[in-house]
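Work through the exercises below with the sequence and the model side by side, and try each task before reading its solution.

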Amino acid sequence: MTQGPSLGPERELLLGHFIRLRGDMIEAMVGYLEAMLKRPNGSPEGGPMHVDGAYSWFRRAHPGVAAYVCTPSVAQQRYSRSDISVPTGWRATAAADWARKVLRPVRALLRRG
């Protein structure tokens, strides 16, 4: 594994399903995220949002904190429904909801063979 390039604070962190924080950054990150939760929606300082977006806000507020990309990836994310997007169109229908509840367990059984 090699350490990839440093990412500037203006770069958004996308698809970051795994992060590593230095011990001294954990306290700073927790304080920042807790403050975001107390602000109103749409606050110019960053209000409540999914943590994925909050990481980018933290980086812009703390430009001296380095962020790196590791190659190859050091972790894998299992496939699951996203918790940061809302179903739209046909995916938001009652039929699609029923299919998710009924057919996913069937698919899982079939995969087990």
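**Exercise 1.** Find the strand in which Tyr68 lies, and decide whether Tyr68 is buried, partly exposed or exposed.

*Solution.* Tyr68 belongs to strand β2, which spans residues 67–71; strands here are DSSP runs of E with at least two residues, helices are runs of H or I with at least four, and both are numbered from the N terminus. The relative accessible area of Tyr68 is 44%, so Tyr68 is partly exposed, a class lying between buried (under 20%) and exposed (over 50%), computed with a 1.4 Å probe on protein chains only. Along the chain Tyr68 and Leu7 are 61 residues apart, yet their C-alpha atoms are separated by 5.8 Å.

This is a predicted model, in which local features need pLDDT of at least 70 and side-chain atom pairs count only at pLDDT 80 or more, while totals for chains, interfaces and linings use all residues. Residues are numbered from 1 along each chain as its sequence is written, and side-chain values use heavy atoms, with hydrogens and water left out.

**Exercise 2.** Describe how helices α1 and α2 cross, and which residues make the contact.

*Solution.* The axes of α1 (residues 23–38) and α2 (residues 51–61) come within 10 Å and cross at roughly 115 degrees. Helix α1 is therefore roughly perpendicular to α2, a label that covers angles of 65 to 115 degrees. From α1, the contact (heavy atoms within 4.5 Å) is made by Met25, Ala28, Met29, Tyr32, Leu33 and Met36, and from α2 by Val51, Ala54, Tyr55, Trp57, Phe58 and Ala61. Sorted by type, the residues of this contact are 12 nonpolar, no polar and no charged.

**Exercise 3.** How many helices and strands does the protein chain have, and in what pattern do they follow along the sequence?

*Solution.* The protein chain has three helices and two strands, arranged along the sequence as β-α-α-β-α. Of its 113 residues, 16% are buried.

Technical notes:
Axes are lines fitted to C-alpha atoms, for helices over the stretch in contact, and angles run from 0 to 180 degrees between N-to-C directions. Angles under 35 degrees count as roughly parallel, over 145 as roughly antiparallel, 65 to 115 as roughly perpendicular and the rest as oblique. Ala, Val, Leu, Ile, Met, Phe, Trp, Tyr, Cys and Pro count as nonpolar, Asp, Glu, Lys and Arg as charged, and the others, Gly among them, as polar.
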